[in-house]
2 protein chains.
Amino acid sequence: MEIPVWIMIAISACGIGFAYYLVRYVMGCDQGSDVIRNISSAIKEGANAFLKRQYMLLAIFVAVVTLILAFVPGLGWQVAVTFLSGAICSGLAGFIGMSMAVRSNSRTAAAAQKSLNDGLKVSFRGGAIMGICVVSIGLLGVSIFYLIFKDYTSPASILAGFGFGASSVAIFARVGGGIFTKAADTGADLVGKVEQGIPEDDPRNAAVIADLVGDNVGDVAGMGADLFESYVGAIIATMALSAIAVNAGVVDAIGTTAAQTVAWWLPMVIAGGGIIASIIGVFFVKVGEKLEMEALLGALRRGTLVASGLVIGFTAIIVWALGAGWGVLAAVSAGLIAGFLIGESTNYFTSYSFGPTKRVSEASKMGAGTNIISGFANGLMSTVLPIILVVIAILVSHYVADMYGIAIAGVGMLATLGVSLATDAYGPVADNAGGIAEMSELPSEIRDRTDALDSLGNTTAATGKGFAIGAAGITALALMLSYADAVGITAAQFSLLDHRVLSGILLGVMMPAIFCALTMNAVGKTAFTIIGEVRRQFKEIVGIMTGEAKPDYARCVDICTTSALKQMIIPGVMTVIAPILVGFILGPLALGGFLIGAIACGFILAVTMANAGGSWDNAKKYIETGQYGGKGSDAHKAAVVGDTVGDPMKDTSGPSINIMIKLMSVIALVFAPVFVGTTGWIG
Amino acid sequence: MEIPVWIMIAISACGIGFAYYLVRYVMGCDQGSDVIRNISSAIKEGANAFLKRQYMLLAIFVAVVTLILAFVPGLGWQVAVTFLSGAICSGLAGFIGMSMAVRSNSRTAAAAQKSLNDGLKVSFRGGAIMGICVVSIGLLGVSIFYLIFKDYTSPASILAGFGFGASSVAIFARVGGGIFTKAADTGADLVGKVEQGIPEDDPRNAAVIADLVGDNVGDVAGMGADLFESYVGAIIATMALSAIAVNAGVVDAIGTTAAQTVAWWLPMVIAGGGIIASIIGVFFVKVGEKLEMEALLGALRRGTLVASGLVIGFTAIIVWALGAGWGVLAAVSAGLIAGFLIGESTNYFTSYSFGPTKRVSEASKMGAGTNIISGFANGLMSTVLPIILVVIAILVSHYVADMYGIAIAGVGMLATLGVSLATDAYGPVADNAGGIAEMSELPSEIRDRTDALDSLGNTTAATGKGFAIGAAGITALALMLSYADAVGITAAQFSLLDHRVLSGILLGVMMPAIFCALTMNAVGKTAFTIIGEVRRQFKEIVGIMTGEAKPDYARCVDICTTSALKQMIIPGVMTVIAPILVGFILGPLALGGFLIGAIACGFILAVTMANAGGSWDNAKKYIETGQYGGKGSDAHKAAVVGDTVGDPMKDTSGPSINIMIKLMSVIALVFAPVFVGTTGWIG
């Protein structure tokens, strides 16, 4: 009697069907003039070339790890199978999202020629394809593997293999894409805007296509992979903690087996309800013709709010139908509300409508140094609300449903991912549409519309980043708890008075720091090569500045691709190897401490980097509205420095930390059977 | 039979006597010309004015806390007495150190006219006065209170009151002094060097005296208070863990009472041996006439290395004489070696003789943005070695002597503090001497000597900062362990699977982040007021630029003082209140997690800020040697931005974190009797 699971498989299939409907909708839209088509196809080619080369590299990595997993004593072929499937699903979700994003950009530019609402609709639906695909593929994979493997002795480890596969692809996608996008952005800005004095998205700039490609491979594919991983991780972690739910009496069903089954089903069923809620939410996103930020933001927010309300309603019905305890509803609501408020807190600290970012703008008056200090301090300060919200969510959900509650709060937070990820993925599409409109010299009223859509995308990107960090934190925590349970660490052993746990924590806090250092330097190195190339083209290709000759866009894309892929290897491989090394050398207790340290410090660093970066960006934009001397003033020059510093922080290092903490936690969970009963070489 | 303790009191008295001998030596040196005297007395006046106003504010704070402590149920008058004494001793150590530093600066400038060795001797001995005073006063206080209170039921809490008092003064001294020094520095540089194009330490700059005052109130008094607290904290924490030492069989003495007594004595006696070793070490610091960095650095390092060797020898004798286990010797050595290597790691990451800082210089070629990214990444990367060294020290010392071993490793690390603090305090004296030589227009060969001494001071400052962070981390950890013991948390309760512990950790990691944000902004605000004032004076006082009129130095000092003292209140008070709030609201388990979170994240942030700041500073200096276009080039301008950003990080926020993590831990230890058996309002 697996009826609920079969229903979930059906819902996932419906989701994929709905995504296909959206694809048909977007593909049916007008592609615009030949100029627009040409630019768009250049972006498409570049993005595809990057993804192809990235996936080829990843295929080698995935093949090697699959083989290793199959032969590790204590794991076996089942884990290898789920790992491989997770990797393929994650890669697929990224590929679909990106493919549609690069097809939606030109259509958005063309639709904006009709009306603002048409432009919003195409770009949002282009983004929604990825949102709905991510959740549908995620739930489908988990449900199928649940049906296949639920009778095995260590389902946590086997299902976790699916998360491990997804995460492995995600970290390379996020890091590689993040390096690409920011290096291209920095390179294009530095040579184009600063040295040659030509505007952003100017076709004379050789790196301009690379910059637009970067939005797709970094912000679309990378973000999709990140949240796919959170989504799957939260569901798996909750299932892994089902025994705790039964012991704590969270589930009211009669008999232990029945109770455990219900505890297993709950996260899947809530996720299924979330998919339906998200699909409904997508239809609530529409707007009039007013170019007002408030109205546009309200339109997008409406989709998420409707979906959130529906999820709470669905959960109530599910709890009642499955006979689970009402504590589950409270935990899910706590997660959902915390996720929403973390997003709002991010908005407060990064939007120039509020004090914090205004103060960063003001500090630019005194120079780049004070701008940097003020923005960095703002980023550090912005950790307060997210931390307090996560702590409240933990305390509430633990009070109502023990450890299981913490994990299912994560499921609640991610239940509306279908629509909230649509909102995130919308941003790069609108950004690309703006770039295309600029490059193809559309009339200024159309530019005003695409600009409005673009600047809305910047706001939702900040909110989305905050949400992604919150989701990653709670998912990683839930995975860590599952690891402790799976490896058989008792509460008494997992003590802060144990020297191995203490050592693990200290080593753990170090990981996000090194990871940030590596990724920030990677952006610097890649940007360096791009800058050299753009300078060379300006010098060597005669007639670029007069528009008589076209720069070699493809070469810049190629250089970015090669360098980004090379630079992603060390941070990615380090993340995979570190938890295994700690487990073998210092033992499973130290590994548990290591995870906690990495999660706690990673959370702080990720929020700081995302919000410092966001506020530097918007502080610059605020000055560009005419404040403190406006564009070209000394304050503006100072703010540009801040923006350059913030770029790799907010779009490469910060978001990659999300994946890093989840990946290390899920690896620990997968390897738990190997570490059971060991004490490490020197532990 | 308290013979060892009486011997320690005698050694402390000898230490104070030796400090008096050094005072006589320094005071007997030539004060130089009238010009030198005038400048020096302006610095002295400013520093005294700051300290007087700061101590008056602190007196109110200390009085209030003393009264509160006396009436808190479960603590009582004993804690109030030790708290008050700790506060007075810490204030005294800071006062003596600073008074002698402001008297040594002019004498160093004068002595440099004779020879390099004379200059080094005066400045080093000026710094050594504080070094020896800090350790002697610290050991004296602990020994006396041991004799008075050792029979009370909760000596941990009572002795910890002494540490609490010391820490409370230290945090305000460090934060207030840190804000003062960096605001004055930034203000002087921005208006003087950048806007008016006059050199550093130019007498026409109204903020130049404030800048020199800052070196004394921030780097001397602040650093002294920081390490006084580490020193006392490490000894107290070790004594508090003596019961653990007995249970673990660390001490071989016959009978439990005798064993516990030996475990109590050990940290005091090792510290006493350290004082003698430090005094001997001071005499080993001398140099020839070659202006070579290597030779100068070797001279200073010789003092610390000799003292370290002696401490290991002393400890061996003490272990044998008191009949303790040889594990103690291993733990002390582990701490000592880790402390030394952390200093060396700092040197590697911040000196421009090595790759990391050279790369920051190179990144400056591409602008301020890349300089900032590169330096920040370098700071993050530099956390690796300190963390690994601390972890190794923990594992080794725990292996040989359980939790007690971790604490006594901290005592070992700090045993040579007398001479290593002398090396730190030497820096600001040499810096001041350089400024005085510049302002009084001494001949260039004398300037070369004071410059060499100054640049040596910059190197030792970086090493000293690394050491201070390492010492703070291990001391805070030991205090946290003592807290857990004192509040009666069993290993089994203190579990990472407890939701309160988890919540505590998350709240804890947030604290250093907020603290940094507050202190960085405080420097910004204060610098802002100073910049306004210096600009005003240049505009309104006719004849400043031609040297016909003198700027109003005192007004700048006064503005810095007022603003710094105002800005230090919130971060300081927050640090005192936060652990008490967490303890009352979430209970003692959450408070334990809170401490671990704050220590781990604080350690990472402190190392990152100190080393990023150090490498920005030296990257700028490297360019000034003629690299990448040298002074005035675009690369240099970019590097100046990095230096401005690094200043508050490395001299205000970073070092203050050291005190913050120890202060919160010692407060938890003091309030342990209040929290015993409670669970918090919502825990």
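Predicted model: local features only at pLDDT ≥ 70, side-chain atom pairs only at ≥ 80, totals over all residues.
Tutor: Local features here need pLDDT of at least 70, side-chain atom pairs count only at pLDDT 80 or more, and totals for chains, interfaces and linings use all residues. Residues are numbered from 1 along each chain as its sequence is written, and chains are lettered from A and ligands numbered from 1 in the order in which they are written.

Student: Why is α4(B) called oblique to α15(B)?

Tutor: The axes of α4 (residues 116–149) and α15 (residues 444–486) of chain B come within 10 Å and cross at roughly 45°. Angles under 35 degrees count as roughly parallel, over 145 as roughly antiparallel, 65 to 115 as roughly perpendicular and the rest as oblique; therefore α4(B) is oblique to α15(B).

Student: Which residues make the contact?

Tutor: Leu116(B), Gly119(B), Leu120(B) and Ser123(B) of α4(B) meet Arg449(B), Thr450(B), Ala452(B) and Leu453(B) of α15(B); contact requires C-beta atoms, placed from the backbone, within 7 Å.

Student: What makes the relation of chain B to chain A that of a two-fold axis?

Tutor: A rotation of 180° with 0.0 Å of shift along its axis superposes chain B on chain A, with an RMSD of 0.0 Å, and therefore the relation is that of a two-fold axis. The superposition is by least squares on the C-alpha atoms of residues with pLDDT of at least 70 in both copies.

Student: How do you know that the same surface serves both copies?

Tutor: Of the contact residues of chain B, 98% recur in chain A. In the interface, 57 residues of chain B are in contact with 57 residues of chain A, and α16(B) gives the largest share of chain B's side, 16 residues.

Methods. Axes fitted to C-alpha atoms, helices over the stretch in contact; angles between N-to-C directions. Helix = DSSP H or I, 4+ residues; strand = E, 2+ residues; numbered from the N terminus. Contact = placed C-beta atoms within 7 Å.
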